[in-house]
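Hello,

Here is the structure for you to look through. My notes follow below it.

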2 protein chains.
Amino acid sequence: MRISDMSDNPHADFLVELAAAAARETLPRFRQTLDIEDKQLRGVFDPVTIADRSAEEAMRALINARYPEHGILGEEFGAERTDAEHVWVLDPVDGTRAFISGLPVWGTLAGLTRNGRAVLGLMAQPFTGELFCGDGARAWYTGPGGARVLKTRANGDLSSATLMTTTPALFKGAEAEAYGRVERAVRMPRYGADCYAYCMVASGHIDLVIETGLAPYDIVALIPIIEGAGGIVTNWEGEPAEAGGRVIAAGDRRLHAAALALLNS
Amino acid sequence: MRISDMSDNPHADFLVELAAAAARETLPRFRQTLDIEDKQLRGVFDPVTIADRSAEEAMRALINARYPEHGILGEEFGAERTDAEHVWVLDPVDGTRAFISGLPVWGTLAGLTRNGRAVLGLMAQPFTGELFCGDGARAWYTGPGGARVLKTRANGDLSSATLMTTTPALFKGAEAEAYGRVERAVRMPRYGADCYAYCMVASGHIDLVIETGLAPYDIVALIPIIEGAGGIVTNWEGEPAEAGGRVIAAGDRRLHAAALALLNS
């Protein structure tokens, strides 16, 4: 399966180039072991920081060479030309805590907005060799088991839903109460998966992700993947989620509505 | 690197056969998608239950053919000959919630006890193609990046430690208070990794795992891996952990002592 067979978006093939460029910088630095006590060494040589910065530099170089008129917003090096029609939104290592803990549930995120709306997105996990892509109309996957189209699962019922969030400790005060109402209503809450959780919604393995405090680069790439797989991503007010903040993603619109009602009740 | 080069234990090569037999049953059932709402279909066809039972049957058949005098204790099919000198302790899918959520942090566990003490262990993650093995004296790994010896990292300081547990919701009452004292003392707590967390201790990527309510088959296989990598596994009383229950695993004996003191303070 070639991406050009999957998507009408003229920039879709470029996602694979971005993923490959990032992987060359991140993968060799994943699971480098370093004694915690060697603080002097850590100061000048922190693998995840180097991975993050090098991967974003590599992706920016590719974008600037191929699409010099496009804008870029990245976690590490900020904004350039973000008033352009097309803006690439980059998080070279989403899930840095997973990365430094050796867990293969971090990912490289690259999304493309057009006039502010996310229209194309990629999550790449180079250790497992997985790519999750979407253009809002379709979503697709390549990995160890081959290529397939991504489709969320039908589940409108909170009491049978699996919910993921990075960690419940991120919710404070009224947000914690709102999140708690949803967590108590679902069958199974799970923590700790970062971007991988959204891709599991797109793949139909889980139903719901609820988070807070997201930056645009944490979510833009994931929106076209979930939407392309048949799901929905909004903020807690039910509005577009490209700006980040408080985000809810669901595989089924009925579940999204039910969870949103609980968040705001 | 061949296992027979790594370990003096005469049963060590057999670990790879067990892992391969289990993988044939688990991997094809991982990430099978099924609409949650199709309850009738789920009733007769629950992928993780079938994976669990089929993998344990496959491992039991291998053990009974090769070592008919050995005992077996498994999650799915209970105990046979557990008064034998050697007893195999099996959890075909440790981390069923990760399995059904599509996350590649579940694993197949196979451990061997001799006179009640864990002397050999395997954690296999077939989606990532990883094997973590140990015999109490040494520990080793094979995976996408090749083979290597496993070694825990030196870190005696809780304030710079990474701590993992399946979910803090498993601790109740006084146990929750005890766990909370340690969680507040560490730099980074993370949730949700099951057996994979222990292997990250053995690999030197994290420092500490604290859990409660474990069965013997949740922990026996992991003890020789962590001990072989230079770490320590006990219950919260500081005694051998083969019986499960409340378990603490650390990469550094000083950290183990510090965390144990907090748990019991």
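**Rings, charges and the A–B contact**

Arg31(A) lies over the face of Phe127(A), 4.5 Å from the ring centre. A charge counts as over a ring if NZ of Lys or CZ of Arg is within 6 Å of the ring centre and within 35 degrees of the ring normal. Arg31(A) also forms a salt bridge with Glu130(B), at 2.6 Å from N to O (a side-chain nitrogen of Lys or Arg within 4 Å of a carboxyl oxygen of Asp or Glu). Between chain A and chain B the count is two salt bridges.

This is a predicted model: local features need pLDDT of at least 70, side-chain atom pairs need 80 or more, and totals for chains, interfaces and linings use all residues. Residues are numbered from 1 along each chain as written, chains are lettered from A and ligands numbered from 1 in the order written, and side-chain values use heavy atoms, without hydrogens or water.

Phe127(A) belongs to an aromatic cluster with Phe30(A), Phe99(A) and Trp106(A). Rings of Phe, Tyr and Trp (its six-membered ring) pair if their centres lie within 6.5 Å; planes under 30 degrees apart are stacked, over 60 edge-to-face, the rest tilted. Over all chains that gives 23 aromatic pairs. Phe171(A) and Tyr179(A) are stacked, because their ring centres are 4.4 Å apart and their planes at 10°.

In chain B, the charged end of Arg148(B) sits over the ring of Tyr141(B), 5.6 Å from its centre.

The contact (heavy atoms within 4.5 Å) takes 45 residues from chain A and 45 from chain B.

Best wishes
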